[in-house]
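I set out to record, entry by entry, what I looked up in this structure. The sequence and the model are displayed below, and my notes follow.

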Amino acid sequence: MEYQEFKQKLLEELKGVFSQEQGYEVSEQNGQGEDFLKVRHPGKEMEAAMPMSSLYRISEFPEHDLHSVVELVQETVQGAEQVLEVSEKIRSIDMKSYESVKSLLMVELERSEQNGAFLSEGIYEKQAFGALVPYVSVPLGEGEVRARITPDMLESYGITQKELMEQAMGNTQTAKPPRIIKYDMEKTGTVCYGVTDQRRGMSATAVMYPGVMEELRQKIGSDYYVVPLNQREVIAIGKNENITADTLRKALREENRKHPNEWMSSKICEYNGEEKKLSVCKTEKTRKQER
């Protein structure tokens, strides 16, 4: 297809996709010797501009055609509209007003090892493994846009960090209920459960929800090891003579090596039901030094 024919057919197709009835304007414009495709929506104050020559080159690839270029333009326009949607939502939120952000506060369990630069950008709460990071969540389609809570923001709210974390944790648990999955580990003679949340993306944060660790102990029937498998899931493994923290630590180290972008921690922890406390298991080397 020649360039001029391509431009004409592309404009015709896009005018059917982005109709005037919906408030869109589709046109070809020339600037600095270059042809541009422009899709505007004055009512939304949105405009997306793409070089016609680039779109034409894409259409010439064997795996592409006019239809695939139309889909590309659609994705570009949708992306521009989403950016506008986020901007409008953020403008409507007073980030320094607690009442404005209270219902939008969420928390995420993040990696703390080798992650100091990220954590230092805002408020966080260190845990036995990982760190709980609160943020303001602005919904966007099926996803969200996040804004970290800074010390200045917390000060403007007039509440304590503990109160902030409790509100964020409560919102998160309501929006992303925990999911506890039993795993078959008959060969070890122990009981094992995976912990994540019920959202599509899944998150290891669920193990930190109030009451979840106590519920795991009731299900397992004893104290247990906690293995931070990755950023999406934590494994709770009942203690017995067939399994040790050192064995689990070795297995976790191998898992982290295989998935360097997903690891949560290098630490194996244990939950004490009597004390209702999660703590890091000591290594064999540390135990020997303490003897």
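Which residues of helix 1 meet which residues of helix 2? I first noted that I am working with a predicted model.

**Entry 1: helix 1 and helix 2**

I looked up the contacts and found Tyr-3, Phe-6, Lys-7, Leu-10 and Leu-11 on the side of helix 1. Their counterparts in helix 2 are Met-52, Ser-53, Leu-55, Tyr-56 and Ser-59. Helix 1 covers residues 3-17 and helix 2 covers residues 52-59. I then checked the axes, which come within 10 Å and cross at roughly 100°. Helix 1 is therefore roughly perpendicular to helix 2, since angles from 65 to 115 degrees are counted in that class.

**Entry 2: the nonpolar cores**

I next asked which members of the largest nonpolar core touch the most other members. This core has 42 residues, and the answer is Phe-129, Val-136, Tyr-157, Met-208 and Leu-278. Another core, of 20 residues, lies apart from it and includes Leu-11, Val-26, Leu-37 and Met-50.

I took Met-208 for a closer look. Leaving aside its neighbours within four places in sequence, I found Met-208 in contact with Leu-109, Gln-127, Phe-129, Leu-132, Met-169, Met-213 and Leu-278.

In what order do the six strands of the open sheet stand? I read the order as 8-9-11-10-12-13, with antiparallel pairing. Strand 8 (178-183) and strand 13 (277-280) each have a single partner strand, so they stand at the edges and one side of each is left without a neighbour in the sheet. The twist from one strand to the next averages 25°.

I then followed the pairing of strand 10 (residues 224-227) with strand 12 (residues 269-272), which is antiparallel and runs over three bridges. In this pair, Tyr-224 stands opposite Tyr-271 of strand 12.

Helix 8 (residues 212-220) packs on the sheet, and I found that it touches strand 8, strand 9 (192-197), strand 10, strand 11 (234-238), strand 12 and strand 13. The direction of helix 8 makes about 155° with that of strand 9.

**Entry 4**

Over how many bridges do strand 12 and strand 13 pair? I found four bridges, in the antiparallel sense. Cys-269 has Val-280 in strand 13 as its bridge partner. The hairpin has four residues between the strands.

Lys-276 lies in the loop between these two strands, and I noted its positive phi of about 50°. I recorded this value because most residues other than glycine have a negative phi. Lys-276 has a relative accessible area of 56%, so it is classed as exposed, the cut-off being over 50%.

**Entry 3: Gln-114**

I found another positive phi at Gln-114, near 55°, again in a residue other than glycine. Gln-114 belongs to the loop between strand 4 (105-110) and helix 5 (116-119). With a relative accessible area of 74%, Gln-114 is exposed.

**Entry 4: Ser-265**

Is Ser-265 buried or exposed? I found a relative accessible area of 0%, so Ser-265 is buried. Ser-265 sits in the loop between helix 9 (245-258) and strand 12. Its side chain makes a polar contact with the side chain of Glu-113, at 2.7 Å. Setting aside neighbours within four places in sequence, I listed the contacts of Ser-265 as Glu-113, Phe-129, Pro-228, Leu-252 and Asn-256.

I looked up Met-202 in the loop between strand 9 and helix 8. Met-202 is partly exposed, with a relative accessible area of 33%. Beyond its neighbours within four places in sequence, Met-202 is in contact with Thr-196, Asp-197 and Arg-232. I also checked Gln-167, which is 35 residues from Met-202 along the chain, and found their C-alpha atoms separated by 20 Å.

Lastly, I turned to Glu-254 in helix 9. Glu-254 is partly exposed, at a relative accessible area of 32%. Glu-254 and Ser-266 are twelve residues apart along the chain, and their C-alpha atoms are separated by 9.9 Å.

How values were computed
Residues are numbered from 1 along each chain as its sequence is written. This is a predicted model: local features need pLDDT of at least 70, side-chain atom pairs count only at pLDDT 80 or more; totals for chains, interfaces and linings use all residues. Side-chain values use heavy atoms; hydrogens and water are left out. A nonpolar core is a set of buried Ala, Val, Leu, Ile, Met, Phe, Trp, Tyr and Cys residues joined through side-chain atoms within 4.5 Å. Buried means under 20% relative accessible area, exposed over 50%, partly exposed in between (1.4 Å probe, protein chains only). Contact means heavy atoms within 4.5 Å. Two strands pair if DSSP finds at least two bridges between them. Axes are lines fitted to C-alpha atoms, for helices over the stretch in contact, and angles run from 0 to 180 degrees between N-to-C directions. A polar contact is a pair of N or O atoms within 3.5 Å; within protein, one must be able to donate a hydrogen and the other to accept it, and residues adjacent in sequence count only if both atoms are side-chain atoms. Angles under 35 degrees count as roughly parallel, over 145 as roughly antiparallel, 65 to 115 as roughly perpendicular and the rest as oblique.
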